[in-house]
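Subject: Handover of the structure and notes on it

Dear colleague,

I am passing the structure over to you with this email. Please have it open in your viewer while you read the notes below it.

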Amino acid sequence: MIAMQIAHIIADYVVFLDLTDDDELDPDIAVKMMESLAGQLEELDRGFLRQLVDAFAVIAADYSGEAQQVVRDIPYSFYLEEVLAADDPVRLAELDAIREARE
């Protein structure tokens, strides 16, 4: 339950930083805040991070339009699956292949 609540907080934050126009929010500040969030997410307990990553796919339905895709892509954008697979070279290779195919 708490992972869903935290996922919503993070999603709202990311949607705001990602979708707010440059004339309303300094892009440099938005990048710094995203980088800070990325660092904090990487430091989370791996079990909780797994729950959080799974929660983004579920809560994305609560958003519409471009925001829905931003939320769905949070784990991808912040390399969270790679963080979770840090000790698994096979999984890291799989994730790298998925990333290459997606780009």
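This is a predicted model: local features need pLDDT of at least 70, side-chain atom pairs count only at pLDDT 80 or more; totals for chains, interfaces and linings use all residues.

The core comes first. The largest nonpolar core has 27 residues, and the members that touch the most others are Val 14, Phe 56, Val 71, Phe 78 and Leu 80. Two or more residues are given to this core by each of helix H1 (2–19), helix H2 (27–42), helix H3 (46–59), helix H4 (65–72) and helix H6 (80–84). When neighbours within four places in sequence are left aside, Phe 56 is in contact with Ala 7, Ile 10 and Ala 11, and also with Val 71, Ile 74, Pro 75 and Leu 80.

Val 71, another of the core members named above, is found in helix H4 and is buried, with a relative accessible area of 0%. With neighbours within four places again left aside, the contacts of Val 71 are Ala 11, Val 15, Phe 56, Ile 59, Ala 60 and Tyr 63. Val 71 and Val 14 lie 57 residues apart in sequence, while their C-alpha atoms are 7.7 Å apart in space.

Helix H4 can be described from both of its sides. Which residues of H4 are buried? They are Ala 67, Val 70 and Val 71, and because these buried residues fall within an arc of 95° when seen down the axis of H4, they line one face of the helix. What covers the buried residues of H4 includes H1, H3 and helix H5 (74–77), whereas Gly 65 and Glu 66, on the other side of H4, are exposed. Gln 69 also has its place in helix H4, and with a relative accessible area of 37% Gln 69 is partly exposed. The C-alpha atoms of Gln 69 and Val 15 are separated by 9.6 Å, although the two residues are 54 residues apart along the chain.

About 180 Å³ of space lies in the largest pocket, and the elements that give two or more residues to its lining are H5, H6 and helix H7 (89–102). Which element gives the most to this lining? H7 does, with four residues. The residues that line the largest pocket are Val 53, Arg 72, Asp 73, Pro 75, Tyr 76, Glu 81, Glu 82, Leu 95, Ile 98, Arg 99 and Arg 102; by class, the lining has five nonpolar, no polar and six charged residues.

Glu 82 is found in helix H6, and Glu 82 counts as buried because its relative accessible area is 18%, where the cut-off for buried is under 20%.

Ser 77 is found in helix H5 and is partly exposed, with a relative accessible area of 46%; Ser 77 and Ile 6 are 71 residues apart in sequence and, C-alpha to C-alpha, 17 Å apart in space. Tyr 79 has its place in the loop between H5 and H6, and at 42% relative accessibility Tyr 79 counts as partly exposed. The backbone of Tyr 79 may be worth a look in your viewer, as its phi is near 55°, a positive value in a residue other than glycine.

With best wishes

Conventions. Residues are numbered from 1 along each chain as its sequence is written. Side-chain values use heavy atoms; hydrogens and water are left out. A nonpolar core is a set of buried Ala, Val, Leu, Ile, Met, Phe, Trp, Tyr and Cys residues joined through side-chain atoms within 4.5 Å. Buried means under 20% relative accessible area, exposed over 50%, partly exposed in between (1.4 Å probe, protein chains only). Contact means heavy atoms within 4.5 Å. The arc is that of the directions from the helix axis to the C-beta atoms. On a 1 Å grid over the protein atoms alone, a cavity is a set of points where a 1.4 Å probe fits but cannot get out, and a pocket is an open set with protein on both sides within 12 Å along at least five of seven lines; lining residues have an atom within 4 Å of a point. Grid points are joined across faces, edges and corners, and a volume is the space filled by probe spheres set on the points. Ala, Val, Leu, Ile, Met, Phe, Trp, Tyr, Cys and Pro count as nonpolar, Asp, Glu, Lys and Arg as charged, and the others, Gly among them, as polar.
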